[in-house]
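Work through the exercises below with the sequence and the model open side by side. Each task is followed by a solution in steps.

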Amino acid sequence: MNASSATAAKPHRRHVLVIDAHPRADSFCSGLVAAAANGASAALHEVRWLALRELSFDFNHTGQALEPCLERSRQELLWAEHLMIVYPVWWGTMPALLKGWLDRVLQPGFAFVEREDGGWEGLLGGRSATLIATMDTPRWIFGSILHSCSIRALRDATLRFCGIGPVRVLLFSPVRTSTPEQRQSWLQRARQEGHQLERILRTGARARIKAWLQALRPQFYFFPWLALTAGAVSASDAKGAAFRWQPYLLCWAAAWLLEAMAVLTNEIHDVQTDTLNRNSGPFTGGSRVIIQGVLSSKQLHKGRNVAAGGLACVILCLTILPETSLAAVSTLIGAGLVLGIGYTAPPLKLAYRTWGELAVALTHSALVVLLGHVSQGGGDWQGAGLLALPMFFAVLPAIILAGFPDREADAAAGKKTLAVRWGPRTAAGLALASAFLAVAWYAVLFSSPWWFFLALLVHGGVLMLGLAGCVRQPPAGRINGLLALALSYMLWFVWVPWLKH
């Protein structure tokens, strides 16, 4: 192995803060603290210890200034990349010492920030944690009857709330009746946790899957699939031929991979605006995997390269299928790459030039409809275009609205979305006009059962009332309810081929 490859293979050395939260120094927890810290030190991590019982502070949170020891605790937390918190479970929860320390140290402005819309944002992202807890309660009682209350309080309601994750849990019980051999095995397990910390955090399959699902944002893949399927069914019906499953599935895979490449590219190039964003939600503000330290930009680049390789394989498979126009498929996939990656990536940076919303609406309507169309060997191209027209106007309102919670961060980062360039009132007016045009074009172009069209009118009417409210009074903060209404509005426009049957 040469020097460069040896350097590349060198594991990451973490800053590890081991927190001893037991009120007594002669407890079994102290042995676990020493074992975990020694294991991490043996793996060449930089380790610091923090024994809460040695701190002198008021447990009561009455708004007073922090004592010097708590100011030092904050500096230790900011230094740390991984926390190992060792504590006993008493009365189903944590000792008052640990609870008082958390109450005083993890205050708004340091551990989290409250938004004007009532939401919150954790400020301690980029850190992970391990909880090592001891107790005398049998584990089955703690889990099934007490619902792991202590673990949930510290892991979910505290650490994850502040942005810390993933959080691993080691639970040793019952301590009071344990044998010397059991205690020794628990000490060895704590030492192993510290020593294998890097491997555990890097190779945990569950954590990796969760991180990549967060980055890929699967909530954005459902509607393009329906639109592609509508294009395929419409083309198959127009030709009067049997449905061609192989090219359909390959084109579906191509659309999925295009979406994945666009999403990952957006994550890589939108770090500045996502960092500034305090109104992020399921459909806005990015996945935040880089900001939270869950995945790195380098990992996202690798993920995008894997998706690109998969896309190349899909195109290769399509070339060997009969009655599939390689030129048409390549043109559509090429257009999807340009518009998807060019949304935020240079040189196009469409979202920074007020073309981003139109590009997304086009790819999520006409492009996927036509991709489904060519999967069935083409046919009535005019019919595919007419099918995509109301879809385009149905998709656009949700995309415009997605820029509302982000507009302050986008403006600070120089991103010229419609809400930034023309203001929220004008942008809401465009979304309102687009929602109306969607149902108007649908009424002109297609016939459907009266109950279906009535339901569409009701949904569209409620959405347009909400958009009219945005024109009168632009919303501040998150608009998850209105966004959900706009996103579900799209779903009415993909059923045209099935309504003919």
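Predicted model: local features only at pLDDT ≥ 70, side-chain atom pairs only at ≥ 80, totals over all residues.

**Exercise 1.** Determine how H15 and H16 are oriented relative to each other, and which residues make the contact.

Solution. 
- Step 1. Locate the helices: H15 spans residues 356–375, and H16 spans residues 381–402.
- Step 2. Take the geometry. The angle between H15 and H16 is about 150°, and their axes are 8 Å apart.
- Step 3. Classify the angle. Angles over 145 degrees count as roughly antiparallel, so H15 is roughly antiparallel to H16.
- Step 4. Assign the hand: H15 crosses H16 in a right-handed sense.
- Step 5. List the contact. H15 contributes residues including Leu358, Ala361, Leu362, Ser365 and Val369, while those from H16 include Ala384, Leu387, Ala388, Met391 and Val395.
- Step 6. Sort the residues of this contact by type: 18 are nonpolar, three polar and one charged.

**Exercise 2.** Carry out the analysis for H10 and H16.

Solution. 
- Step 1. H10 covers residues 222–239, and it packs on H16 at about 170° with an axis separation of 11 Å.
- Step 2. The two helices, H10 and H16, are therefore roughly antiparallel.
- Step 3. Their crossing is right-handed.
- Step 4. On the H10 side the contact consists of Phe223, Ala227, Ala230, Gly231 and Ser234; on the H16 side it consists of Leu387, Met391 and Val395.
- Step 5. By type, the contact of H10 with H16 has six nonpolar residues, two polar ones and no charged ones.
- Step 6. Compare the lists from H16. Leu387, Met391 and Val395 occur in the contact with H10, and they also occur in the contact with H15.

**Exercise 3.** Is Ser73 buried or exposed, and which side chain does it join in a polar contact?

Solution. 
- Step 1. Ser73 sits in helix H3, residues 68–79.
- Step 2. Its relative accessibility is 1%, so Ser73 counts as buried.
- Step 3. The side chains of Ser73 and Trp101 form a polar contact of 3.2 Å.
- Step 4. Beyond four places in sequence, Ser73 touches Leu50, Leu55, Trp101 and Val105.
- Step 5. H3 packs against H4 (residues 96–105) at about 80°, with the axes 10 Å apart, so H3 is roughly perpendicular to H4.
- Step 6. Leu70, Ser73, Arg74 and Leu77 of H3 meet Trp101, Arg104 and Val105 of H4. Of these residues, four are nonpolar, one is polar and two are charged.

**Exercise 4.** Describe the surroundings of Tyr352.

Solution. 
- Step 1. Tyr352 belongs to the loop between H14 (326–341) and H15.
- Step 2. With a relative accessibility of 16%, Tyr352 counts as buried, because the cut-off is under 20%.
- Step 3. Apart from residues within four places in sequence, the contacts of Tyr352 are His269, Asp270, Thr344, Ala413, Gly414, Lys415 and Lys416.
- Step 4. With one of these, Asp270, Tyr352 makes a side-chain to side-chain polar contact of 3.3 Å.

**Exercise 5.** Which residues does Val16 touch, beyond four places in sequence?

Solution. 
- Step 1. Val16 is part of strand S1, residues 15–20.
- Step 2. Val16 is buried, its relative accessible area being 0%.
- Step 3. The residues touched by Val16 are His45, Glu46, Val47, Arg48, Trp79, His82, Met84 and Leu197.

Conventions. Residues numbered from 1 in each chain as written. Heavy atoms only, no water. Axes fitted to C-alpha atoms, helices over the stretch in contact; angles between N-to-C directions. Helix = DSSP H or I, 4+ residues; strand = E, 2+ residues; numbered from the N terminus. Parallel < 35°, antiparallel > 145°, perpendicular 65-115°, else oblique. Left-handed = near helix turned anticlockwise from the far one by under 90°. Contact = heavy atoms within 4.5 Å. Nonpolar A, V, L, I, M, F, W, Y, C, P; charged D, E, K, R; others polar. Buried < 20%, exposed > 50% of the residue type's maximum accessible area, 1.4 Å probe, protein only. Polar contact = N/O pair within 3.5 Å; in protein donor to acceptor, adjacent residues only side chain to side chain.
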